[in-house]
Amino acid sequence: HVSVSSACIASSVPATTALRHINRLSKEGFITRFADPHDRRRVFVSITERGTAMVGEFLINLNSN
């Protein structure tokens, strides 16, 4: 898992754009968001099984072209 703020920074896009994509990925079930149990101000994201499968399919298709 990675913090939402770290994911936003790593995306190299404006924070509002990154948050919009994080919200969409979460809504589609590709990632899950959860609060840090030690610091309720921080939120983490983690890839779901569905997200892992999607990335796997993408890589297989990328290699087959």
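Tutor: A patch joins residues with over 30% relative accessible area and no salt bridge, linking like charges within 9 Å and nonpolar side chains (Val, Leu, Ile, Met, Phe, Trp, Tyr) within 5 Å. A salt bridge puts a side-chain nitrogen of Lys or Arg within 4 Å of a carboxyl oxygen of Asp or Glu. This is a predicted model: local features need pLDDT of at least 70 and side-chain atom pairs 80 or more, while totals for chains, interfaces and linings use all residues. Residues are numbered from 1 along each chain as its sequence is written, and side-chain values use heavy atoms, without hydrogens or water.

Student: How much accessible area does the nonpolar surface patch have together?

Tutor: Its members are Ile 47, Met 54, Val 55, Phe 58, Leu 59 and Leu 62. Helix 3, residues 49-64, gives the most, with five residues. By the Shrake-Rupley method (1.4 Å probe, only the protein chains shown as cover), the patch has about 550 Å².

Student: Is Phe 58 buried or exposed?

Tutor: Phe 58 is found in helix 3. Buried means under 20% relative accessible area, exposed over 50%, partly exposed in between (1.4 Å probe, protein chains only). Phe 58 has 52% relative accessibility, so it counts as exposed.

Student: Which residues make up the largest nonpolar core?

Tutor: Such a core is a set of buried Ala, Val, Leu, Ile, Met, Phe, Trp, Tyr and Cys residues joined through side-chain atoms within 4.5 Å. Here there are six: Val 4, Cys 8, Ala 18, Ile 22, Ile 31 and Val 45.

Student: Which helices each supply at least two residues of this core?

Tutor: Val 4 is a core member. Beyond its neighbours within four places in sequence, Val 4 is in contact (heavy atoms within 4.5 Å) with residues including Leu 19 and Ile 22. The helices are helix 1 (4-11) and helix 2 (15-27).

Student: Why is the Phe 34 and Phe 44 pair called tilted?

Tutor: A search of the whole structure finds one aromatic pair. Ring centres must lie within 6.5 Å; planes under 30 degrees apart are stacked, over 60 edge-to-face, the rest tilted. For Phe 34 and Phe 44 the centres are 5.7 Å apart, and the pair is tilted because the planes are at 40°.

Student: How far apart in sequence are the parts that this pair ties together?

Tutor: Phe 34 lies in strand 2 (residues 31-35) and Phe 44 in strand 3 (residues 43-47). Phe 34 is partly exposed at 31% relative accessibility, whereas Phe 44 is buried at 12%. The parts that the pair ties together are apart in sequence by 10 residues.

Key. Helix = DSSP H or I, 4+ residues; strand = E, 2+ residues; numbered from the N terminus. Phe/Tyr/Trp six-rings, centres within 6.5 Å; stacked < 30°, edge-to-face > 60°.
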